[in-house]
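Here is a brief structural report, starting with aromatic contacts and moving on to a sheet and its helices. The sequence and structure come first.

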Amino acid sequence: MLTSPSSVPRLVVAAPSSGSGKTTVATGLMAALTARGLAVSPHKVGPDYIDPGYHSLATGRTGRNLDAYLCGPELVGPLFAHGARGCDIAVVEGVMGMFDGAAGEGELASTAQVAKLLRAPVVLVVDASSQSRSVAALVHGFASWDPEVRIGGVILNKVASDRHEELLREALESAGVPVLGVLRRVAQVDTPSRHLGLVPVAERRAAAVDSVAAMGAQVSQGCDLEALVALARSAGVLSGAAWDAAQALVSSPPPPLPVPTPGAASPDPRSRPERPRPQAPDGPKGNVRVAVAGGAAFTFSYAEHAELLGAAGAEVVVFDPLRDEGLPEGTRGLVVGGGFPEVYAAELSANEALRKEVAALVESGAPVAAECAGLLYLCRELDGLPMCGVLDAGARMSERLTLGYRDAVAVSDSVLAVAGTRMRGHEFHRTVVEPGSGAAPAWGVLAPRRVEGFVERGVHASYLHTHWASEPGVARRFVERCRTS
């Protein structure tokens with residue numbers, strides 16, 4: 001029986017640290033519950049794009065992110081309810097260790113904070129491979145650290161033998177937290193990784209299907225699914241309405257006045273003149289076609305971006321730069337998100353026809369929004385191979401991982417935002433673009449303080465991944481530019 005999104009049963013899968021098995025357990029639980037005929041809503045705490053792909057494969061529904069840093073704590077509940085519409089149960093995979101979040105920001109963006117915002121019980125996944133009685137102290141510490149976080153049970157992962165399981169269960173009897181599952185190490189559940197984490201589903205779909213099926217079977221055999229569903233039903237009711245793309249566009253605030261580059265004083269918000277609130281977007285009539293890069297090379301995208309573009313009056317058409325030799329007919333704007341162009345540089349370079357068409361679209365002044373992988377694709381070259389040549393910059397792989405949340409302010413007026421628009425973003429790459437910014441930079445990053453990215457003609461290209469639900473006017477502005485360019 002379907003429930004309202006504000007009261008859908010839900011639980012959060014957390015762990016003491018990364019590498020404990022959260023993805024295996026969360027994805028396996030989603031698959032096991034789906035196999036039982038339940039409509040499962042899949043969610044991921046944090047900015048990660050890859051895990052939601054496995055979640056989607058397990059449930060047949062869009063995997064969605066819940067990030068209190070990128071979107072603000074106030075949007076976690078509404079975005080969750082939006083994704084959970086029409087579902088019987090929701091499973092939320094945590095990020096890193098349960099209490100780990102944005103550096104220097106306390107609990108912000110942690111799994112614990114999201115669990116509290118969702119009023120959801122937590123299942124703690126513990127890697128038990130190198131411990132026995134000590135597991136009780138570990139679980140007791142996590143269960144008592146923050147009394148507002150309710151750990152409803154433990155799943156023991158990587159258990160070596162029946163005797164090992166017996167010792168662990170004996171120890172946990174004193175911790176007062178029930179054991180809801182015991183999983184042994186199973187080779188076929190392992191998923192391959194590379195320089196930025198797991199290999200996305202789009203690059204290994206057949207193998208990923210087998211991996212997800214194995215995860216589901218392992219969780220179904222090793223966990224008490226009835227107890228887990230009962231725990232999910234104990235979640236509290238959420239207040240407030242579910243997020244809606246069209247309503248978000250209507251209620252989004254007007255853009256701020258321009259501000260200087262980082263280091264200069266920001267304007268006093270009280271000095272901003274009153275501006276009329278934007279009207280609801282047009283209906284289906286007059287929709288403009290926006291091409292969105294997809295396929296194996298460009299897998300990083302938040303579902304809400306396409307939903308906001310659609311609500312703003314765009315017809316969103318996905319194309320694959322590895323296979324398609326031209327943009328979709330009638331393209332008026334282009335969005336190229338994140339992914340792994342460095343893995344497919346040769347194939348992207350070989351598709352000369354598409355590269356030339358992208359360059360021609362830019363030359364025409366059409367709006368183009370590019371993030372991270374999209375930035376690399378628009379460069380002159382990537383690891384010595386020709387790319388679109390839209391930006392006079394070169395890109396190459398690097399040994400150094402750039403990773404972290406960023407506070408940023410738009411430095412230049414662009415197809416996405418007016419100068420002074422503040423947004424939070426996330427960087428995640430092992431590449432370098434030289435130079436790192438153009439004559440008109442895209443963003444001023446506040447920490448570490450620098451400018452980065454490019455605003456040229458209708459192009460906004462940057463390393464920064466942003467979540468447009470936090471600033472819906474980005475989508476509205478982009479579609480309006482598509483209409484007028």
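## Aromatic pairs

In this predicted model, the count of aromatic pairs comes to 7. One of them is Tyr49 with Phe300. Their ring centres are 4.8 Å apart and their planes meet at 5°; planes under 30 degrees apart count as stacked, so this pair is stacked. Tyr49 sits in the loop between β2 (40-45) and α2 (50-59), and Phe300 in the loop between β10 and α10 (303-311), so the pair ties together parts 251 residues apart in sequence. Tyr49 and Phe300 are both buried.

Phe300 also pairs with Phe340. Here the centres are 5.4 Å apart and the planes stand at 80°, so the geometry is edge-to-face. This pair, too, links distant parts of the chain: Phe340 lies in the loop between β12 and α11 (345-350), 40 residues from Phe300. Phe340 is buried, as is Phe300. Tyr49, Phe300, Tyr302 and Phe340 form one aromatic cluster.

## A charge over a ring

The charged end of Arg424 sits over the Tyr69 ring, 4.0 Å from its centre.

## The open sheet

Which strands make up the open sheet, and in what order? There are 6, arranged β11-β10-β12-β13-β21-β20, with mixed pairing. β11 (314-319) and β20 (454-456) are the edge strands, each pairing on one side only. On average, neighbouring strands are turned by 15° against each other, direction ignored.

Within this sheet, β13 (residues 368-371) and β21 (residues 459-462) run parallel and are joined by 4 bridges. Val368 stands opposite Val459 of β21.

## Helices across the sheet

Two helices lie across strands of this sheet. Helix α14 (residues 473-484) lies across β10 (288-293), β11, β12 and β13. α14 runs at about 145° to β12.

## Helix α1

Helix α1 (residues 22-35) has 14 residues. At 1.5 Å a residue it should span 20 Å, and its end C-alpha atoms are 20 Å apart, so expectation and model agree.

Is α1 mostly covered or mostly exposed? It is mostly covered: 12 of its 14 residues are buried. Among them are Lys22, Thr23, Thr24, Gly28, Met30 and Leu33. Gly37 follows α1, with a positive phi near 95°.

How values were computed: Residues are numbered from 1 along each chain as its sequence is written. This is a predicted model: local features need pLDDT of at least 70, side-chain atom pairs count only at pLDDT 80 or more; totals for chains, interfaces and linings use all residues. Side-chain values use heavy atoms; hydrogens and water are left out. Two strands pair if DSSP finds at least two bridges between them. Axes are lines fitted to C-alpha atoms, for helices over the stretch in contact, and angles run from 0 to 180 degrees between N-to-C directions. Contact means heavy atoms within 4.5 Å. The expected span of a helix is 1.5 Å times one less than its number of residues. Buried means under 20% relative accessible area, exposed over 50%, partly exposed in between (1.4 Å probe, protein chains only). Rings of Phe, Tyr and Trp (its six-membered ring) pair if their centres lie within 6.5 Å; planes under 30 degrees apart count as stacked, over 60 as edge-to-face and the rest as tilted. A charge sits over a ring if NZ of Lys or CZ of Arg is within 6 Å of the ring centre and within 35 degrees of the ring normal.
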